Amino acid sequence: MNKRIRATIAAIGAGLLALAGCAGPTDGATGNGADTGSSAEKTITVGLTYVPDVQFAPLYVAAEKGYFKDRGLDVRLRHHGAQESLLGALAAGEEDIVFAGGDEMLQGRSTGIDVVNWATMYQRYPAVLIVSEDSGVTAWEDLAGKTVGLPGEYGENYYGLLAALKDHGLEVKVSVKSIGYTQTAAIQNKQVDGVIGFANNDVIAMENAGLKVRSIPLVSGDLPLIGVGFGSLSTNIRPEVYKEFLAAVEQGMHSAQQDPEGTLAITEKQVPSLADPDKRAVAEKVLKATLELYEGSEVFGQQDSSKWEAMAQFMLDQGLIDKAVPAKEAFTTEVVSAS
């Protein structure tokens, strides 16, 4: 979700960036909702877990260009308020779908929210280590005895940091400092030696501020975390309806790739500040970097069962969830398989 989708999660751990059912013919959980084709079932409220932002462009485009309507869907895009809990509206039945991190949804499930992830949008996890080019830090090992900043001990920044410290054997060798959403200032003023931020917005914001920075991947191999995707209550998963929703989002994503200027014009209706040429130029870079996160799979929304298993174990080991959550209950492939 970042600032951006993942400031999303200012609302998770502070209040601030998912899942049950039984196994069916596909990996993971199976929803109980049956598709009758009624207009009520094709009316969908989607929770976008941050304020309007260019990172939601594929959904804006799908709505503006009628891709949802072409598939018989009545879709309402609902942005969360700054103090709104990540999964609260979903749990209350006020949303049918939530757009959030797979890791965040799994954590929510551990607290008793019956949310199931049914499609992964970001096939690459967006969090990275960001350091100043003149810092002398070129690898994680260079951070021994140094300090890393992040918004707080919650959300994807924090999950990614824990995975990185474990992977590089630095759990007790690096100091962690909560700095809020001040990554750019923290790097500029050398308050910390590096920050955990997002490749599709924080890096761009720093470069736009005139800083020379380098990004370092969190781990050397596969990261045991799953990025942003779609989730619903297990009782509200409608494969035949949601496959049409997913197809419309994919169409919106391809349209955004092919026509970034038109996409920014559509997004401006949601984000009026993009009328400013400088902000529009930055938004274009954010859009490009965000769309790249969708790439890397043969099937749009593809689920990786082995990564779900690894994430469930990692989050338990790190104390990010209080009790074990079986991965097969936290996600399903039935919507993607139906597409």
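Which residues of α12 are buried?

**View 1. Helix α12 and its buried residues in a predicted model.** Residues are numbered from 1 along each chain as its sequence is written. In this predicted model, local features need pLDDT of at least 70 and side-chain atom pairs pLDDT 80 or more, whereas totals for chains, interfaces and linings use all residues, and side-chain values use heavy atoms, leaving out hydrogens and water.

**View 2. The start of α12.** Here a side-chain oxygen of Asp 276 comes within 3.0 Å of the backbone nitrogen of Asp 278, a polar contact (a pair of N or O atoms within 3.5 Å, one able to donate a hydrogen and the other to accept it; residues adjacent in sequence count only if both atoms are side-chain atoms).

**View 3. Asn 117 in strand β6.** Asn 117 belongs to β6 (residues 115–120), a strand (a DSSP run of E, at least two residues), and is buried, with a relative accessible area of 0%. A polar atom of the Asn 117 side chain lies 3.2 Å from the backbone nitrogen of Ala 119.

**View 4. Lys 190 in a loop.** Located between α8 (183–188) and β10 (194–198), Lys 190 has a positive phi of about 55° although it is not a glycine. Lys 190 counts as exposed (over 50%) because its relative accessibility is 56%.

Conventions:
Helices (H or I, at least four residues) and strands (E, at least two) are DSSP runs, numbered from the N terminus. Buried means under 20% relative accessible area, exposed over 50%, partly exposed in between (1.4 Å probe, protein chains only).
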